[in-house]
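These are my notebook entries on a structure I looked up today.

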Amino acid sequence: MSSIKIECVLRENCRCGESPVWEEVSNSLLFVDIPAKKVCRWDSLSKHVQRVAVGTMAEETAPAVLERHQGSLYSLFPDHNVKKYFDQVDISNGLDWSLDHKIFYYIDSLSYSVDAFDYDLHTGQISNRRIVYKMEKDEQIPDGMCIDAEGKLWVACYNGGRVIRLDPETGKRLQTVKLPVDKTTSCCFGGKDYSEMYVTCARDGMDAEGLLRQPDAGGIFKITGLGVKGIAPYSYAG
């Protein structure tokens with residue numbers, strides 16, 4: 001098995017880095033810093049960063065602390081029609097589809113689970129919600145998520161300082177990769193052949209002592225040597 005390597009490739013000091021997406025045409029990683037209201041593009045070749053100053057949730061009073069059940073899950077169709085699937089959501093977070101597009105995976109963070117729905121690719125309808133994985137105590141809060149080329153899910157664990165690999169068919173955790181920061185928020189595959197994983201994290205809510213212990217909090221991490229590749233992201237068709 002390959003030797004796993006973890007490195008902080010961008011010390012961005014994001015208050016809450018999130019939503020990483022690999023842009024193949026430019027060899028770049030796109031990500032956001034939510035409270036700083038920034039959309040960023042990091043060029044993996046030049047190392048240059050461009051900064052430009054949709055599930056919903058209630059406004060947080062502190063990281064992951066908010067009025068409960070104020071969010072919803074929506075879908076934006078190619079004709080720009082917006083459909084609301086359901087409400088009573090705490091924090092809409094990780095979402096992805098199975099490789100055959102027949103299952104939609106979704107995380108409402110404060111449910112502490114990864115859920116699945118049957119998905120109709122032609123109509124966008126979802127049904128038959130069920131839990132495929134329930135978080136263990138030390139894994140903390142499930143946040144962003146992506147899928148690999150073998151159909152397994154990778155979930156970033158907020159306050160858990162790790163990403164975990166799950167088999168959605170068996171409900172088993174297959175692998176844990178711990179990072180040198182606690183507030184891991186999301187992950188995606190990227191690089192030339194999608195063999196690299198990029199992980200975002202946050203620093204909001206950390207005190208001075210915590211930041212001294214974790215100086216790379218809020219940075220962008222790259223993980224190599226996982227022994228599995230990801231798939232290219234899907235582009236919006238509208």
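The entries below follow the order in which I looked things up.

**Entry 1. Model.** I note at the outset that this is a predicted model.

**Entry 2. Strand β12.** I began with β12, residues 113-119. Six of its seven residues are buried, so I describe the strand as largely enclosed by the rest of the structure. I then looked up its partners. Strand β11 (residues 103-108) runs antiparallel to β12 and is joined to it by four bridges. In this pairing Tyr106 stands opposite Asp115. The two strands form a hairpin with four residues between them, and Tyr112 in the turn has a positive phi of about 55°. Strand β13 (residues 126-134) is also antiparallel to β12, with six bridges between them. Here I found Tyr119 opposite Ile126. This hairpin has six residues between its strands, and Gly124 in the turn shows a positive phi of about 75°.

Entry 3. I recorded a salt bridge between Arg129 and Asp115, with the closest N and O atoms 2.9 Å apart. Arg129 lies in β13 and Asp115 in β12, so the pair ties together parts that are 14 residues apart in sequence.

**Entry 4. Other salt bridges.** My count for the structure is 15 salt bridges. One of them joins Asp87 and Lys84 at 3.6 Å, N to O. Asp87 is partly exposed, with a relative accessible area of 38%, and Lys84 is partly exposed at 43%. I also noted Asp193 with Lys229, at 3.5 Å, N to O. Asp193 lies in the loop between β18 and β19 and Lys229 in the segment after β20, so this pair ties together parts 36 residues apart in sequence.

**Entry 5. Aromatic rings.** I searched the whole structure and found ten aromatic pairs. One aromatic cluster is formed by Phe86, Trp97, Phe104, Tyr106, Phe117 and Tyr119.

Entry 6. I located Gly71 in strand β8 (residues 71-76). Gly71 is buried, with a relative accessible area of 0%. Its C-alpha atom is separated by 5.9 Å from that of Asp87, 16 residues apart along the chain.

Methods: Residues numbered from 1 in each chain as written. Predicted model: local features only at pLDDT ≥ 70, side-chain atom pairs only at ≥ 80, totals over all residues. Heavy atoms only, no water. Phe/Tyr/Trp six-rings, centres within 6.5 Å; stacked < 30°, edge-to-face > 60°. Buried < 20%, exposed > 50% of the residue type's maximum accessible area, 1.4 Å probe, protein only. Pairing = 2+ DSSP bridges. Salt bridge = Lys/Arg side-chain N within 4 Å of Asp/Glu carboxyl O.
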